[in-house]
Amino acid sequence: MFEQRLKSHHELFNITKALAAGRMEVAEYLKTSGLDRLDTKPKAVLYVHIPYCRKICRFCNMLRMPGDPPEDYAGLLIQEIEEYGKLEYIQALTFDAVYFGGGTPTTLETDDLLAILTALNNNFRLADDVEITVESSVTELTDEKLESMKKNGVNRLSIGVQTFSDRGRRILGRTGTGKEAYEKLLLIKSLGFLNLNIDLIYHYSGQSTDELDEDLRKIYSLDLGGFSFYSLIENPVPHNMDMGIAFEKIKQISTGMIDSDNGSTDRELFDRVYSGALDQGFCLLELTKLVRHDQYRYISERHCGTDTLAIGAGAGGNLGEIVYMNPISPEQYRSMVVGKADGREDKSKRRFGILTKDPYSEVTRLTGALQRGVLPWNQYSALFGDESHSLLQRLQSEGYLEERSRIDISQYHLTQKGVYWGNNICDALLRSLELKSAELCNP
């Protein structure tokens, strides 16, 4: 049914562009029309972007740049946090989860990371049991950083191990041996980080089933909260990275990836990961994530359409009906936060977003459900037309979906085959929705 697997949700049909209604300054939206949609103390999540890495990995398609953060980067983040904290819209939100992503957030100095955490607590209403996640590589997690994070509320770590195989680590450009990575994870658990998650990459060059099985054995023995599993995607990394490159251009690079996959080996290894993990008590949280006791509130609530306040260079979020992304260029980000150019006020440097129109919110929640492996057909029946019904029947008949009904609720779940092709299914359904032609035009 599908010729080439879409391995990333970044490759899906761009529903934001399809249902854009124009541009508006984010702060102005929040002060005016945004207030009209606020419930009583609604939930939200918060994303803090640290787009810096001491090593640029070919398999990563995130917005990042080489080197350490500029000396003033933490200060700029704090200034942005304080500006948002003054807005009535933001004051009404309760943040259930905070996610430090990158890049590599632990390239920040320990004192800078602590200052940002303090600013978040001082300017936003965080839930009493807020989930605070920090991404890192094994080598970036110094004893000092671990101790400071534990004392200051970080209760979830996501670590890019990728593989414990020394041969695989050399291919993927990882630092240190698999044994060192495993022992570091044991140490981190002993310090009280019970919700520990790692990334696993499979289908790298020449990977054997024995190498994958050894990775899985180590994962199971660590009693992790969960792990993400990604089939290797090679991303071109230019020698002279243009840090002012537009987000859309970066997306084009990441979705035009070089893929040596011939299909069979990739599927065989996927099945080995998925089936083995289910047998070990893991369950599917999203298409590329299996969990035991990890709720991963940040992504779970995003999939349900929760507001996401995004802080930092290259950070993207959504608040009410507006979707926005900060500039990735350090100079442009600095100008946006400071709001000045050459010492003068320059309103053109302020943060603008894209206003969306119906049925944007519904479609994003549908997309989130599909990323969780569920197709709640009845709940979104108004969006589906004849083409969607034909697609549903084919997906069922060819073993991608299975129906699970309760009374008047018809809901479909992706089978193992469906999870493998999950992004293709999501993309096909998005393209088949009954959207008016006017809504599919650029504003």
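This is a predicted model: local features need pLDDT of at least 70, side-chain atom pairs count only at pLDDT 80 or more; totals for chains, interfaces and linings use all residues.
**View 1. The largest nonpolar core.** This core has 120 residues, and Tyr84, Ile90 and Phe227 touch the most other members. Helix α3 (residues 73-85) gives the most to the core, with 7 residues.

**View 2. Phe227 and its ring partner Phe282.** Leaving aside neighbours within four places in sequence, Phe227 is in contact with residues including Ile198, Leu216, Val273, Phe282 and Leu290. The ring centres of Phe227 and Phe282 are 5.3 Å apart and the planes are at 80 degrees, so this pair is edge-to-face. Phe227 sits in strand β9 (residues 226-231), while Phe282 is in the loop between α11 (264-279) and β10 (283-286), 55 residues apart. Both Phe227 and Phe282 are buried. Ring pairs also join them into a cluster, with Phe229, Tyr274 and Trp421 among its members.

**View 3. A tilted pair, Tyr99 and Tyr296.** The model has 19 aromatic pairs. In this one, the centres lie 6.2 Å apart with the planes at 35 degrees, so the pair is tilted. Tyr99 belongs to strand β5 (residues 94-102) and Tyr296 to the loop between β11 (289-291) and α12 (297-303), so the pair ties together parts 197 residues apart in sequence. Tyr99 is buried at 5% relative accessible area, and Tyr296 is buried at 9%.

**View 4. The largest cavity.** About 50 Å³ of space lies here. Look for Arg5, Leu287, Tyr420 and Asn423 among the lining residues. Helices α16 (416-420) and α17 (422-432) each give two or more residues to the lining. By class, the lining has 4 nonpolar, 3 polar and 2 charged residues.

Terms used: Residues are numbered from 1 along each chain as its sequence is written. Side-chain values use heavy atoms; hydrogens and water are left out. A nonpolar core is a set of buried Ala, Val, Leu, Ile, Met, Phe, Trp, Tyr and Cys residues joined through side-chain atoms within 4.5 Å. Buried means under 20% relative accessible area, exposed over 50%, partly exposed in between (1.4 Å probe, protein chains only). Helices (H or I, at least four residues) and strands (E, at least two) are DSSP runs, numbered from the N terminus. Contact means heavy atoms within 4.5 Å. On a 1 Å grid over the protein atoms alone, a cavity is a set of points where a 1.4 Å probe fits but cannot get out, and a pocket is an open set with protein on both sides within 12 Å along at least five of seven lines; lining residues have an atom within 4 Å of a point. Grid points are joined across faces, edges and corners, and a volume is the space filled by probe spheres set on the points. Ala, Val, Leu, Ile, Met, Phe, Trp, Tyr, Cys and Pro count as nonpolar, Asp, Glu, Lys and Arg as charged, and the others, Gly among them, as polar. Rings of Phe, Tyr and Trp (its six-membered ring) pair if their centres lie within 6.5 Å; planes under 30 degrees apart count as stacked, over 60 as edge-to-face and the rest as tilted.
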